[in-house]
Every structure is written in structure tokens, then in C-alpha cells.
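Hi everyone, thanks for coming.

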Amino acid sequence: MIDHFRIYYFRLWHFLTQAGFAGNGPFYLDYCVGFVAGPEHSEGDEPMIFSTAHVAGTEHSEGVPL
Amino acid sequence: MSQPFARTTGTKNNPLFAMGRVKGASGALLVQADVSSIAYRVIDSEDADATPTTGSLTVSSVIFNTAQTTSTDSRWPASAPSGGYNFGGKIPGTAFADGGKTYFVHVDATLSGGDIVTLYSGFHITREYY
């Protein structure tokens, strides 16, 4: 006898797994920043909208459209 | 949502410490068990014929199962969104051998299932005079 119940849940599990809905994936980069040792340090995010640049010491600028 | 993008400045041959926060759909952080390998690529953005500098990073050394925050690593700037980073890897200074260049830096992880996810993406500008 065909167990339709099990087949249904296997198909559902397979679909969700293949589509990436099961578990924690899919993954994405939420934020990134770089650090450069030495006198300068700058960072930025979303360059099409807003960008920041920090220079340790006397200078600090932000909101520079790229 | 567009992908985050970093911009850094340094002298030539100065290494870059790249940090990224990578999450999954559930909001939980990417962890070491999710990743099989990590590779970086540094490209001279103004010379399409230049050979990219490539290399690999050790998963257990650069993926953190718990977030690294300003309180545990001062390299994560206080101005960054709270939550810290779970990828932090050094791109060697030899990848930035020339001054006065704009390099495109990209770090990718190949996941256990074969998918590729970006861990860091940005421009690194080397000063011509210093």
C-alpha cells in the first residue's frame, strides 16, 4: 500500500531543502568593513547611497557620494 | 538590498584586515561548520589585463561561531552597526604592491553544500605618496 502521508512530507521536506528554506541558509553579507593598521582607518557601506570615511586624528569626512 | 561595500585606504604593502558579518535567513550567523573553504581575490581595478592576486584563508582561523564585537576586537569600529563580525581575515600586504592604485578586494566562502557567499567586498586605495 502506498503511504501518501510519507510521500507528501518527503516532497515538502525536499522542496524546502532545495529551495534553501530549511536550516539557516541562504546566507548573505549583512555588513563589512576593513581595518588598515597604521595611521589611517576608513570604512564604508552602501556606496550607492552613503559612504563614510574616517581618518584617525584630525580628519573626518562622511556622506561622500561615489 | 544591495550588498555592503567597504572602502579603505593605506600605504602600499600594508595588509588589510577584512571583517564581515554574514547571516542566514533565520538571522543566525554563519558558522565554521557551514563553510568548506575560503578564497580571496585582489584585482587592480584600473588594469583589466593584470593578473589577480589570489589566496586562501583557513576556515577555523577566520570564521567565528560567536560574533566579535568592539569589546573583544577594537578593529571592529564603534560606529559600525551593533552585532560585531563573524568573518575576520587578513589580506597580505603583498597583494597591494603598488602605490596610487585602487584594488578591488573580494572574499568568498564556498559552503558545504557548494553555494558561494561573499564574506567581504570593497575597494582598497593605496596612496601614491607617503
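A quick definition to begin: the radius of gyration here is taken over C-alpha atoms, and the globule rule is 2.2 Å times the number of residues to the power 0.38. For the 130 residues of chain B, that rule puts a compact globule near 14 Å, and chain B has 15 Å, so the two agree. The C-alpha trace of chain B spans about 45 × 35 × 30 Å along its principal axes.

Some housekeeping: this is a predicted model, where local features need pLDDT of at least 70 and side-chain atom pairs count only at pLDDT 80 or more, while totals for chains, interfaces and linings use all residues. Residues are numbered from 1 along each chain as its sequence is written, chains are lettered from A and ligands numbered from 1 in the order in which they are written, and side-chain values use heavy atoms, with hydrogens and water left out.

Now, chain B has 1 helix and 8 strands, in the order β-β-β-β-α-β-β-β-β from the N terminus. Helices (H or I, at least four residues) and strands (E, at least two) are DSSP runs, numbered from the N terminus.

Strand β1 of chain A (residues 28–36) pairs with β2(B) in the antiparallel sense over 8 bridges, with C32(A) bridged to G20(B). Strand β6 of chain B (residues 85–91) also runs antiparallel to β2(B), joined by 5 bridges; there, M19(B) stands opposite G88(B).

Key
Two strands pair if DSSP finds at least two bridges between them.
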